[in-house]
Amino acid sequence: MQCVILAAGKGTRLRPLTDNTPKPLVKVAGKALLDHILEALPSAVDEIIMVTGYLEEQLHEHFGAEYNGRKI
């Protein structure tokens with residue numbers, strides 16, 4: 001099963017936290033916001049489609065092509 005995650009916004013309301021960091025990578029309780037979301041996905045999800053934009057290269061660096069055995 002595929003899951004689409006929209007992670008392309010600039011996060012202007014979170015500034016200055018998002019001046020140099022994309023909103024999905026802002027730390028909450030010691031880890032990136034998007035890490036919390038991906039860990040909460042049901043086990044039936046085997047592919048993640050991530051729509052990126054603002055500072056997307058940081059998201060590619062953080063997650064790569066796979067997350068906990070799930071293709072991104």
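## Burial and overall dimensions

Of the 72 residues in the chain, 31% are buried. The structure is a predicted model, and the values given here are computed from it. The radius of gyration of the chain is 12 Å, which agrees with the value near 11 Å that a compact globule of 72 residues would have. Taken along the principal axes, the box filled by the C-alpha atoms is roughly 35 × 25 × 20 Å.

The chain exposes about 4,600 Å², and carbon and sulfur atoms supply 54% of this area.

## Order of elements and contacts

Two helices and six strands are found in the chain, and from the N terminus on they follow the order β-β-β-α-β-α-β-β. Among contacts between residues at least 6 apart in sequence, 68% join residues that are at least 24 apart.

## The nonpolar core

The largest nonpolar core comprises 14 residues, and those with the most contacts inside it are Ile5, Leu34, Leu38, Leu41, Ile48, Met50 and Phe63. Two or more residues of this core come from each of strand S1 (2-7), helix H1 (33-39), strand S4 (47-52) and helix H2 (56-63), with S1 giving the most, namely three residues.

## Backbone features in the loops

Most residues other than glycine have a negative phi, and most peptide bonds are trans. A cis peptide bond, with omega of about 15°, joins Arg15 and Pro16, and Pro16 is found in the loop between S1 and strand S2 (27-28).

Leu55, a residue other than glycine, has a positive phi near 55° and is found in the loop between S4 and H2. Asn68 is not a glycine either, yet has a positive phi of about 50°; this residue is found in the loop between strand S5 (66-67) and strand S6 (70-71). Asn68 has a relative accessible area of 65%, and because this is over the 50% cut-off, Asn68 counts as exposed.

Definitions and conventions:
Residues numbered from 1 in each chain as written. Predicted model: local features only at pLDDT ≥ 70, side-chain atom pairs only at ≥ 80, totals over all residues. Heavy atoms only, no water. Helix = DSSP H or I, 4+ residues; strand = E, 2+ residues; numbered from the N terminus. Rg over C-alpha atoms; globule rule 2.2 N^0.38 Å. Buried < 20%, exposed > 50% of the residue type's maximum accessible area, 1.4 Å probe, protein only. Contact = heavy atoms within 4.5 Å. Areas by Shrake-Rupley, 256 points an atom, 1.4 Å probe, with all protein chains shown as cover. Core = buried A, V, L, I, M, F, W, Y, C linked by side-chain atoms within 4.5 Å.
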